[in-house]
Amino acid sequence: VDAAYGILGRHLKRMLRCEPGARLGLDPAFLHDMRVAMRRLRAGLRVFSEALPSSRSRSFAGELKWLTPFLGRVRDLDVHLEWLTKAVASLPESLRPGLDAYRACVAAERERAESAMVCRLTSRRFEVFAERMRRFLDAGPPRRPKAPLAGRRVADVVPGPIVKRLERVLKEGRAISSRTPDAQLHALRIQCKRLRYACEFFTDLYGGPAR
């Protein structure tokens, strides 16, 4: 439970530190870093689910799931616009006007996505969620936690979640072929990320092999 509070607290602080810059559009890096922090929080809530009160864990995970797609949409369009800028520069002058028009459409879509994201970040719902999670983690773990594995040592418990994720990656990876549809590749990519996040939480414990 000490590891759970420490790891989740670190990523929550990162999320809240980046939020003003993401909301104001000061630099794409703020949005990227906030999104990464939210992904780590979601992963941490899954990895530490048996060390935390289940009702709180589900509630926080639900709020993060509600918000994440709106940041993801803006970030995806930022990456696409960056690629388009390079693509336009690499084309002959005669071909650039067509791609310029498409780029303008993508930029307009990005503005709409950013508006939707800002609505969420300035909402009462986000404010309440952020404050609830901050207070929960700042209070620190209870002396006598009731969650099933809260009192166990990290070294005794953590191999289970990591091996579980590794086995899933290997199983889905073996099913990949040259005819595998994109949706299946994307699902495997998500499982790989979940494995990576779980390993990252415990690099202090496992050192080089985890990295």
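On one side of helix 5, Arg124, Arg135 and Asp138 are exposed. That makes a handy way into this structure, which is a predicted model. The other residues to look for in helix 5 are the buried ones: Phe126, Phe129, Ala130, Met133, Phe136 and Leu137. These take up an arc of only 135° around the axis, so they sit on the same side of helix 5, and the exposed trio is found on the other side.

As for what the buried residues of helix 5 pack against, the partners are helix 1 (2–24), helix 2 (28–47), helix 3 (54–90) and helix 4 (96–121). After helix 5 comes Gly140, with a positive phi near 80°.

Stepping back, the protein has 9 helices and 0 strands, so its elements, read from the N terminus, go α-α-α-α-α-α-α-α-α. The C-alpha trace spans about 70 × 45 × 30 Å along its principal axes. Of the 211 residues in the protein, 36% are buried. Taking the contacts with a separation of 6 or more, 73% are between residues 24 or more positions apart.

Helix 2 is one of the partners of helix 5, and it deserves a look of its own. At the start of helix 2, Asp27 has a side-chain oxygen that comes within 2.8 Å of the backbone nitrogen of Ala29. The 20 residues of helix 2, at 1.5 Å a residue, should span 28 Å, and its end C-alpha atoms lie 29 Å apart, which agrees. The buried residues of helix 2 are Leu31, Met34, Arg35, Val36, Ala37, Met38, Arg40, Leu41, Ala43, Gly44, Leu45 and Val47. Their cover includes helix 1, helix 3, helix 4, helix 5, helix 7 (159–174) and helix 8 (182–201).

Some of these names come back in the largest nonpolar core, which has 50 residues. Those touching the most other members are Met15, Met34, Phe48, Leu52, Phe126 and Met133. Helix 1, helix 2, helix 3, helix 4, helix 5, helix 7 and helix 8 each give this core at least two residues. Leu52 shows what such a spot looks like: leaving out neighbours within four places in sequence, Leu52 is in contact with Ala4, Tyr5, Leu8, Leu45, Ser57, Phe136 and Ala147.

The loops hold a few more things to see. Val158 is in the loop between helix 6 (154–157) and helix 7. Its relative accessibility is 3%, so Val158 counts as buried. Val158 is in contact with Phe202, Leu205 and Tyr206, leaving aside neighbours within four places in sequence. Arg110 is 48 residues from Val158 along the chain, and their C-alpha atoms are separated by 40 Å.

Thr180, in the loop between helix 7 and helix 8, is buried as well, because its relative accessibility is 10% and the cut-off is under 20%. A polar atom of the Thr180 side chain lies 2.6 Å from the backbone nitrogen of Ser177. Not counting residues up to four places away in sequence, Thr180 also touches Ala175 and Leu185.

Placed in the loop between helix 3 and helix 4, Ser94 is exposed, with a relative accessible area of 64%. From Ser94 to Arg134 is 40 residues in sequence and 55 Å in space, C-alpha to C-alpha.

One last item is the cysteines. Cys199 is buried, its relative accessible area being 17%. The closest cysteine sulfur to that of Cys199 is in Cys192, and at 11 Å it is too far for a bond. The count of disulfides comes to 0.

Note on methods. Residues numbered from 1 in each chain as written. Heavy atoms only, no water. Buried < 20%, exposed > 50% of the residue type's maximum accessible area, 1.4 Å probe, protein only. Helix = DSSP H or I, 4+ residues; strand = E, 2+ residues; numbered from the N terminus. Arc of directions from axis to C-beta. Contact = heavy atoms within 4.5 Å. Disulfide = S-S within 2.5 Å. Expected span 1.5 Å × (residues − 1). Polar contact = N/O pair within 3.5 Å; in protein donor to acceptor, adjacent residues only side chain to side chain. Core = buried A, V, L, I, M, F, W, Y, C linked by side-chain atoms within 4.5 Å.
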